[in-house]
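Entries follow in the order I checked them.

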Amino acid sequence: MGVAERVSALDTCLKEYLWRFTEGKDNAESHNRELLKALRESMDCGLAFVMTRNSAGDSISVAEVSFEAGDDKLSGAKFEVDSQEAQNLIQVLDENSIGTESLSFLGENFANSVLYYAVVVMDEVWGLVGVMDIRNQNRIWSSEEKNAISKVGKIFALQIENVHLKDALVRTENANKSKRQFLYDMSHDIRTPMNAIIGFATLAGSHLQEFERVQAYLDKITASSKHLLSLFNDVLDITRIEDGRVHLEELPQSLGDMMNDIKNIIQNQAAAKEINFLMETAGVVHERIFCDRLRFNQVLLNLISNAVKYTNQGGNVTVTISEVPYEKDGYVSVDFEIVDNGIGMSPEFVEHIFEPFERENNASNNVVQGTGLGMAITKNIIDLMGGDIVINSTQGEGTQVLLHLDMKLQSDVYVDGDVEQLPEVVGKKALIVVNSDDTCHSLMGILETLGSGVESTMSGDKALLLAEQAKDKGEEFDAYFVSWRIDDKVGGLEIVKQLRQLVGNAAPIFIITDGVYSGVEEAAYSSGASAFIEKPLFLSDVKRIIKSAMNIHDTETEERSIAQEEFMGRRILLAEDNKMNQEIAITILEEAGFFVDLAENGEVAVTKVTNHPPKHYDVIIMDIKMPIMDGYEATRRIRSLEEEGKKDVPIIAMTADAFFEDRQAAFACGMNEHLAKPIDVERLFAILKSLLV
């Protein structure tokens, strides 16, 4: 049978197929295999196939196949295909969407001559309908055969497009459902802190004469405001992450300072639910690192807050920070383990926990769950930081989160990776009396790193015996470190009291606490304690407290305490259009000792700098979004002035535009620094100090 006869037979099959479809006599899809068989026979080629690309666009699968040998194992086979390969496929098609080039992503099994019709919609390949000559590798396809593949291809194209359109509709409906639920949840989540802010502000106004009560209300307003800000940041972050616009800004930081800040925030949440919250360290010696503090806090706060949020009253949440060996010079490797005995999660939810808008539907859980964005944001930030996270959870028993991060060390602090000893304790001897192996090993490592010899025990009686034996030998300990709790029978204060009676007042005795110890200081000091050391134990904190107890002069502390004297009499030009922001900034700056001149917009700021003599202003604080002239343009105008003392005045962007690209835009137009609103007063003063030196 010649080509014409085979094509004619195919046309007859096509008419039958279409007749069944248009008349509704039968479902046309049930005859796909017969149609493919007719196509294969009309081409005399041995194989005909229909392939469809998945919605993600990263693979293409065999949906239908007709093979003359009767072997249909190829049906359902999946082949990886990237966007570039799909684009290359489009480029080799003729004007009728017909192609004859080999399909490289299908592998060696499709090396023979092929003829295919590509289903292309909006420059995307959705599917292929084709044939392959399994006997002839060099076959040349005729125009009649190309016309035949086109006819069959268009029929299957309708089915392929219909499937993708249905998938797209389902995805759209699911997305809309997620967005509706998200807006509902956000409305609830925003109203919760707003209710607290409005409520406590009202209460504060009703008790203005009661200082302590008003202060407590203000603290709660501040905490609620920060929570509200975090909700807004989550929404903005997930949008920026999806657009690939999140960047890390790694600056010198102290791991100890960051973890202590996080602990102070979490402690209040845990105390409100009467949860036993503990933060421990294990072998952490190198804490001066480079890190994006904002993103680091965002990750740890989210993970630990979740543990507290989903742990019932009276439960336990423990965070352990461990320094682990790392071979790369100039880096430190740190593990963070967060363990709770809360409600836990189902295995099905854990699989999807890092997907946006995911919340577990747990009927027994009446906790306000948040936006469903936190873990998606957290995972993306961890990936940016080059870290790893693993979550193990059992419903009804609790959750374990394991986070691993590698961070660059501050080379000016650690010479060849070594930590500087404290000369005043080198060769001295300390006794550790604690109730935890982790605390014992961590404190021993810190003291040995500082140069001290160490003995330890977890028994109060043994501690007193060791102290007495050392005294009898004339080899008294130079310092004692005692846990607030030793065991169920003996408290740390009792051991401190007996030690003080035994060894006298010469040696300092440090009390190690798990957390807040407000209200017990008087009892501790009257028992003989010299100072408190609060967990988690970081070398810098232990070193600082030891130096304080030994009256060792600390120039860094002295410098920080007099920093604001450098601001006295300095003149600042504040360019800010918002009245409330003006009041806040002016009050902060004037109380620090500055003279403040106000400009309501960028144009006024430029005029004032131009009309005043050089060096009239020591620094300018510039908002970005202002009427008449924005902060970027105002900065460019000032930088274009000719006179020294005007064009080079330091300019700080203080703006609600808080992202990485906003910071880069500020630098690009000539600003010296960038500070995001709401104002972090400590960071503002640090920036001012650095610019005014």
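I began with what the buried side of helix α12 packs against. The model is predicted, so I read it as such. The buried residues of α12 pack against α11 (460–472), β16 (479–483), β17 (509–513) and α13 (521–527). I listed the buried set: G492, L493, I495, V496, L499 and R500. Down the helix axis these residues fall within an arc of 155°, so they line one face of α12.

Next I checked the length of α12. The helix runs over residues 492–503, 12 residues, and at 1.5 Å a residue should span 16 Å. Its end C-alpha atoms are 16 Å apart, which agrees. After α12 comes G504, with a positive phi near 85°.

How do α6 (residues 255–272) and α7 (residues 293–309) pack? I find an angle of about 35° and axes 10 Å apart. The crossing is right-handed. On the α6 side the contact includes L255, M258, I262 and I266. On the α7 side I noted, among others, F296, L300, I304 and V308. By class, the contact has 12 nonpolar, 3 polar and 3 charged residues.

I placed L89 in helix α3 (residues 83–91). Is L89 buried or exposed? Its relative accessibility is 6%, so L89 counts as buried, the cut-off being under 20%. Beyond its neighbours within four places in sequence, L89 is in contact with L103, Y116, V125 and L128. I also checked S104: 15 residues from L89 in sequence, 9.6 Å in space, C-alpha to C-alpha.

Key:
Residues numbered from 1 in each chain as written. Predicted model: local features only at pLDDT ≥ 70, side-chain atom pairs only at ≥ 80, totals over all residues. Heavy atoms only, no water. Helix = DSSP H or I, 4+ residues; strand = E, 2+ residues; numbered from the N terminus. Expected span 1.5 Å × (residues − 1). Buried < 20%, exposed > 50% of the residue type's maximum accessible area, 1.4 Å probe, protein only. Arc of directions from axis to C-beta. Contact = heavy atoms within 4.5 Å. Axes fitted to C-alpha atoms, helices over the stretch in contact; angles between N-to-C directions. Left-handed = near helix turned anticlockwise from the far one by under 90°. Nonpolar A, V, L, I, M, F, W, Y, C, P; charged D, E, K, R; others polar.
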